[in-house]
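The following exercises are intended for a reader who meets this structure for the first time. Please inspect the sequence and the model before reading each solution.

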Amino acid sequence: MSRVVPYCINAGLLEKQRERELELSSMNHEIESEICEISVDPVKVANGEVDDDGRSRRTGTVWTASAHIITAIVGSGVLSLAWGLAQLGWIIGIATLVIFSGISLYTSGLLAECYRAPNSVKRNYTYRDAVKNYLGGRKYKALGLVQYTLLCGAMVGYTITASISMVAISKSNCYHKEGHKAPCKYSYNPYMMALGIVEILLSQIPNFHKLSWLSTIAASMSFSYAGIGMGLSFAKIVSGHGEKTTLTGVEIGLDLTAADKTWRIFQAIGNMAFACSYAAILIEIQDTLKSSPPEQEVMKKANTIATFTATTLYLMCGCLGYAALGNHAQGNILTGFGFYEPFWLIDLANFFIVVHLLGAYQVLAQPVFGVVESWAGNRWPKSKFINDEHHLGIGKNNSKFSVNFFRLIWRTAFVAMATLISMAFPFFNEVLAFLGAIAYWPMTVYFPMEMYIVRKEIKRGTICWFGLHLVNLVCLLAALAAGCGSIQGVNQALHTYKLFKFTQ
């Protein structure tokens, strides 16, 4: 036995050594493959024609990234924050909004650190790529399902919301022309179809890199309609006609049961959490930035600028709207001032909402378009139909416009389908609230923290590890509460709306 034991030990050590050598060999092979993937003509890199990964030179800056973020998060939902404050009250409402903004800023910084793969050589072009490289397994598939379901749902929701604003313009003009008692009712379907046609044209913008001008216009629109809402609220407050507000929000009474109050609180928490989140497109936005200075540094600055700007706008719009409309604040503060006078100002605000949502739709659509087109290109690399770009000259200056037949057909079909769903399910905004509640925790909190733990090799049981998981738990509970509230909203909507029959 004395001779056998050392032999067994040595054999075991040799086996472990062989396994370690195979593992190192595999790692070296992966690194060599990554280096081969990014090897490019050094002359082109030196001349600024391509980046270090061989792709077209990125030109994004902190300002273009900030515009993309603001376009994505400052949606028409900013006009519903007065309603949220009415449910939560002054103290809890403001605190909730500030806390979720802070959490979103913090986790976005963690996610920005993960743009480069763990070895800092390979780029992660999408959120899904980052999760795959850091966490692997089934997690990146789950992330992809959640991310693209949310983005597709948001596109449908934006179509419905934009059509509501277009109908509001028509009703306002009708009341002004025919009188306040005129039966001004309109079907939303023609407006949705018109929006779908415009989105089909805009969807031919190839990628995020060509979308900066549209994001800038859309971001300015969000400030414009929010400014009008704040202006109307401020005018009502200084005139002495502000409605009653309370520290705890809407009071339980004959018109509101304790159960209804609870559901509304959950919905308000979900709305505020979702309003601060943009993780679903953060990596895609970061992939538009120049390589110098480092992308993560620029993205963190853009996160700070956009989050601070959005939070300031949220607080001003929500607080002024609540002070003006009180506990009877509606889901859209613009409708709280009626459709009558000043009708032209209400029309202008709704027009700004439509323009903003047209741009926000494209910002959310680009990751969806990109993943399908990348898959098709990898699946059929030699197909001219899928991969060839046809350059056309337009106008007197012969401006070049690139057309890809697969992109033209696929994106047109996708937008048409999204428009059809919008017309069939006009209560989809309630469904979107549910999707947002489900997606908020994994996309904004869980995956960024898990990837950051892997990147920084944070050990289990340390103070930092416990702190991250405490925030993770709090956000999970908030997401569950918001999900319960949104289910109640969907249940009520199912008893109100009818398919393809959305009139108002």
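Each exercise below gives a task and then a solution in steps.

This is a predicted model, in which local features need pLDDT of at least 70, side-chain atom pairs count only at pLDDT 80 or more, and totals for chains, interfaces and linings use all residues. Residues are numbered from 1 along each chain as its sequence is written, and side-chain values use heavy atoms, with hydrogens and water left out.

**Exercise 1. The chain as a whole**

Task: State how many helices and strands the chain has, and what share of its residues is buried.

Solution. Step 1: The chain contains 17 helices and 2 strands. Helices (H or I, at least four residues) and strands (E, at least two) are DSSP runs, numbered from the N terminus.

Step 1: Of the 504 residues in the chain, 48% are buried. Buried means under 20% relative accessible area, exposed means over 50%, and partly exposed lies in between (1.4 Å probe, protein chains only).

Step 2: A contact requires heavy atoms within 4.5 Å. Among contacts in the chain between residues at least 6 apart in sequence, 79% join residues at least 24 apart.

**Exercise 2. The largest nonpolar core**

Task: Determine which residues touch the most other members of the largest nonpolar core.

Solution. Step 1: A nonpolar core is a set of buried Ala, Val, Leu, Ile, Met, Phe, Trp, Tyr and Cys residues joined through side-chain atoms within 4.5 Å.

Step 1: The largest such core has 126 residues, of which Y127 and Y314 touch the most other members. Helix α13 (residues 343-379) supplies the largest share of this core, with 17 residues.

Step 2: When neighbours within four places in sequence are left aside, the contacts of Y127 include L111, L143, A279, I283, E284, F447 and M451.

**Exercise 3. Salt bridges**

Solution. Step 1: A salt bridge is a side-chain nitrogen of Lys or Arg within 4 Å of a carboxyl oxygen of Asp or Glu. The structure holds 7 of them.

Step 1: In one of these, the side chains of E113 and K300 meet at 2.4 Å, N to O.

Step 2: E113 counts as buried because its relative accessibility is 16%. K300, at 33%, counts as partly exposed.

Step 3: The side chains of E373 and R411 also form a salt bridge (2.7 Å, N to O). This pair links distant parts of the chain, E373 being in helix α13 and R411 in helix α15 (residues 405-424), 38 residues apart. Both E373 and R411 are buried.

**Exercise 4. A buried glutamate without a salt bridge**

Task: Identify the nearest side chain of opposite charge to E284, and describe the polar surroundings of E284.

Solution. Step 1: E284 is located in helix α11 (residues 282-286).

Step 1: E284 is buried but has no salt bridge, and the nearest side chain of opposite charge, R128, is 9.4 Å away.

Step 2: The side chain of E284 makes a polar contact with the side chain of Q147 at 3.4 Å. A polar atom of the E284 side chain also lies 3.4 Å from the backbone nitrogen of Y127. A polar contact is a pair of N or O atoms within 3.5 Å; within protein, one must be able to donate a hydrogen and the other to accept it, and residues adjacent in sequence count only if both atoms are side-chain atoms.

Definitions and conventions. Lys and Arg count as positive and Asp and Glu as negative; His and the chain ends are not counted.
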